[in-house]
Every structure is written in structure tokens, then in C-alpha cells.
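Here are a few exercises to work through with the model open in your viewer. Try each task before you read its solution.

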Amino acid sequence: MRTIEFTIPMPTPSNNQLLRMHWAKRRSLKKQLALEVTSALVRSGQRRPNEPLVRVYLEIERGSSGILDEDNLQGGTKPLVDVLEKVSRTNPHGLGLIENDNNRCVVQRKVTQAPAKRGQGFTRVFIAEVLEDTEFSNRFGGAQ
């Protein structure tokens, strides 16, 4: 089972921030996230997989001085998850860590929050390849 784990030095935005963001600024955010993820992988001594992981368990932890409600927390991770996907015409900043963000690829997604001092926000990402349903249930305690 392959795993990828890294931390970027910025929290994901809230869903409300994304909804109010101009499209060009949203695109700029995705580009910045792609650079941050690439840099974090290099710092941690990891490389992108040759082929995107097809079935994964995805865990995202957002560290910030403020606590978001659940829908703002979940929705704010979309640009980051888009960056984790493979590159395409509609997703030019994709890094190819995972095949897709649909439920067939991401068999379970867990998004949590952690306290951080003001100005020291972060986002921690853990991706684990899931080879078989029984492996997923045994390792992560989840049902499909």
C-alpha cells in the first residue's frame, strides 16, 4: 500500500470565501496550492507517483486560529482536492496524485480541524492507496 503525506503552510479557505472569490483569484489559488503541494512533497523527500492512485483513503486536517462549521470546512477543501487530481483540460494545475475525486476513487474522505496560532495555519494531507475492500475495512475501520 502506497501512502503520501505532506503539510503545506496555509489553511484551506472556507467554502464562503470560495463562493465570494473572483474566478481569476480562484484559479490563482489553485496554482498557489499546486506549488505548495509540490514544494511540500520535495521537502518531505517524496515524489509524485508515476501513475495516479486509483482508489484512496483521503484525510485532510486544516489548522487555523478560527473554527469553521462543517459545510464551510468540507467545501473549502475542493481546490486542494482538485490539485491532487490528474491534470486535464479543465484542471490544468492537477498534480496526478489521485485519479479523480469521485466516490469510486476516494472511497473515504475525512476532513478535520486543529487549532493553530494566528498566522501559523497549515493543511496536512494523508493519502493511502486502497487495494481491496477488506484492506480498507481493516486499516481504516470504514465501510464502503
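**Exercise 1: the sheet**

Which residue of S3 is the bridge partner of Ile-60? Find it, then place its strand in the sheet.

Solution. A word on the ground rules: this is a predicted model, where local features need pLDDT of at least 70, side-chain atom pairs count only at pLDDT 80 or more, and totals for chains, interfaces and linings use all residues. Residues are numbered from 1 along each chain as its sequence is written, and side-chain values use heavy atoms, with hydrogens and water left out.

Step 1. The bridge partner of Ile-60 in S3 is Val-111. Strands here are DSSP runs (E, at least two residues), helices are too (H or I, at least four), and both are numbered from the N terminus.

Step 2. S2 and S3 run parallel to each other as a pair, over 9 bridges; two strands pair if DSSP finds at least two bridges between them.

**Exercise 2: the nonpolar cores**

Solution. Step 1. Start with the rule: a nonpolar core is a set of buried Ala, Val, Leu, Ile, Met, Phe, Trp, Tyr and Cys residues joined through side-chain atoms within 4.5 Å. Buried means under 20% relative accessible area, exposed over 50%, and partly exposed in between (1.4 Å probe, protein chains only).

Step 1. The largest core has 30 residues, and Phe-6, Val-37, Leu-58, Leu-84, Leu-97 and Ile-127 touch the most other members. At least two residues each come from S1 (3–8), H2 (23–43), S2 (56–64), H4 (78–84), S3 (106–115) and S4 (122–129). H2 gives the largest share, 6 residues.

Step 2. Zoom in on Val-37: beyond its neighbours within four places in sequence, its contacts (heavy atoms within 4.5 Å) are Phe-6, Ile-8, Leu-80, Val-83, Leu-95 and Leu-97.

Step 3. There's also a separate core of 5 residues, with Tyr-57, Val-107, Phe-126 and Ala-128 among them.

**Exercise 3: the aromatic pair**

Classify the geometry of the one aromatic pair in the structure.

Solution. Step 1. Rings of Phe, Tyr and Trp (its six-membered ring) pair if their centres lie within 6.5 Å; planes under 30 degrees apart are stacked, over 60 edge-to-face, and the rest tilted.

Step 1. The ring centres of Tyr-57 and Phe-126 are 6.3 Å apart and the planes meet at 65°, so this pair is edge-to-face.

Step 2. Tyr-57 belongs to S2 and Phe-126 to S4, 69 residues apart. Tyr-57 is buried, at 6% relative accessibility.
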